[in-house]
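Subject: Structure handover

Hello,

Here is the structure we talked about. Notes on the ligand and on one helix pair follow below it.

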Amino acid sequence: MSEHHPEKRYEGKAKILYSTADPDVLLTYFKDDATAFNAQKKGTIQGKGEMNCTIAAALLQWLETQGIPTHFIEQTKADEMLVKAVKILPVEVVVRNIAAGSLCKQTGLAQGTVLPQPLVEFYLKDDDLGDPLLTRDRLMLLQIVTAEQLARLQDYALRINGLMQGFFARCQITLVDFKIEFGTDKTGTILLADEISPDTCRLWDQTETDPNLRVMDKDRFRQDLGNIENAYQTVQARVLAQVQQLQSLA
Ligand code: ADP
Ligand code: MG
């Protein structure tokens, strides 16, 4: 049997993908590197790789049990997981429950405004272009998705939001917004891919009222709020406790 030498397939800002002996499986390594504002701001968050990998593994695995097809296979190390190789759709799907970040900047809505219903947005996954907001017609124009795939993404996004809102509420965390990515496997099936972590969600601690103290996500890094490691650690502890509680009930 010839030994497989893992080959670096792609290095992104937060993760590195390696090939495995199985061409349909990739090994994802989560880095401590942190970037913001399209990589204009760079830094490290001690232990982030392990925390994000562990949080993402727990959430993806739980979503899978709730009927969401994901790329997750297995967490093999604190900072490594095996995933199904997919062709990533070059669109970042953002779901918002409360106004924050670019939505406030672009619309003038006050930060913290509770949206009457979840807002699903599509951004072009293209760092050189600055990940611009897409209209549905532009998505179709660029032939990034078919009309049928677009309907499916919208449906998945809302279902994932509902599930995650409930999950985080039981962790005493408010899910403000999040970004997800999807890909297609070799049969064309759409899978939820990439990660769900405090790097990709806005999470507010319901046990804190202070608008800075309650932030448990990458906004602590973006806005230099300090105590980033603690915040991620608290998210990890609450997510793992919630997963255990749900398992003991099952
Ligand atoms: P980026 O700098 O683009 O945000 P990351 O470091 O977050 O990159 O992740 C590395 C890359 O891996 C991303 O481009 C992401 O779309 C891609 N990716 C995530 N899951 C999978 C998968 N299952 N198969 C193939 N590529 C994936
Ligand atoms: Mg990324």
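Which polar backbone atom is 2.8 Å from an oxygen atom of ligand 1? That atom belongs to Ala14, and the pair is a polar contact (N or O atoms within 3.5 Å). A nitrogen atom of ligand 1 also lies 2.8 Å from a polar backbone atom of Lys84, and a nitrogen atom of ligand 1 is 3.1 Å from one of Val86. Of the 560 Å² of accessible area that ligand 1 has on its own, the protein covers 89% (Shrake-Rupley method, 1.4 Å probe).

This is a predicted model, in which local features need pLDDT of at least 70 and side-chain atom pairs count only at pLDDT 80 or more, while totals for chains, interfaces and linings use all residues. Residues are numbered from 1 along each chain as written, chains are lettered from A and ligands numbered from 1 in written order, and side-chain values use heavy atoms, without hydrogens or water.

Around ligand 1 there are 17 residues (a heavy atom within 4 Å); the closest are Lys13, Lys15, His71, Lys84 and Glu181. By class, the shell has 9 nonpolar, 2 polar and 6 charged residues.

Elsewhere, helix α4 (residues 147–170) packs on helix α6 (residues 228–249) at about 100 degrees, with the axes 9 Å apart. That makes the two roughly perpendicular (65 to 115 degrees). Phe167, Phe168 and Arg170 of α4 meet Val239, Gln242, Val243 and Leu246 of α6 (heavy atoms within 4.5 Å).

Regards

Methods. A polar contact is a pair of N or O atoms within 3.5 Å; within protein, one must be able to donate a hydrogen and the other to accept it, and residues adjacent in sequence count only if both atoms are side-chain atoms. Ala, Val, Leu, Ile, Met, Phe, Trp, Tyr, Cys and Pro count as nonpolar, Asp, Glu, Lys and Arg as charged, and the others, Gly among them, as polar. Axes are lines fitted to C-alpha atoms, for helices over the stretch in contact, and angles run from 0 to 180 degrees between N-to-C directions. Helices (H or I, at least four residues) and strands (E, at least two) are DSSP runs, numbered from the N terminus. Angles under 35 degrees count as roughly parallel, over 145 as roughly antiparallel, 65 to 115 as roughly perpendicular and the rest as oblique.
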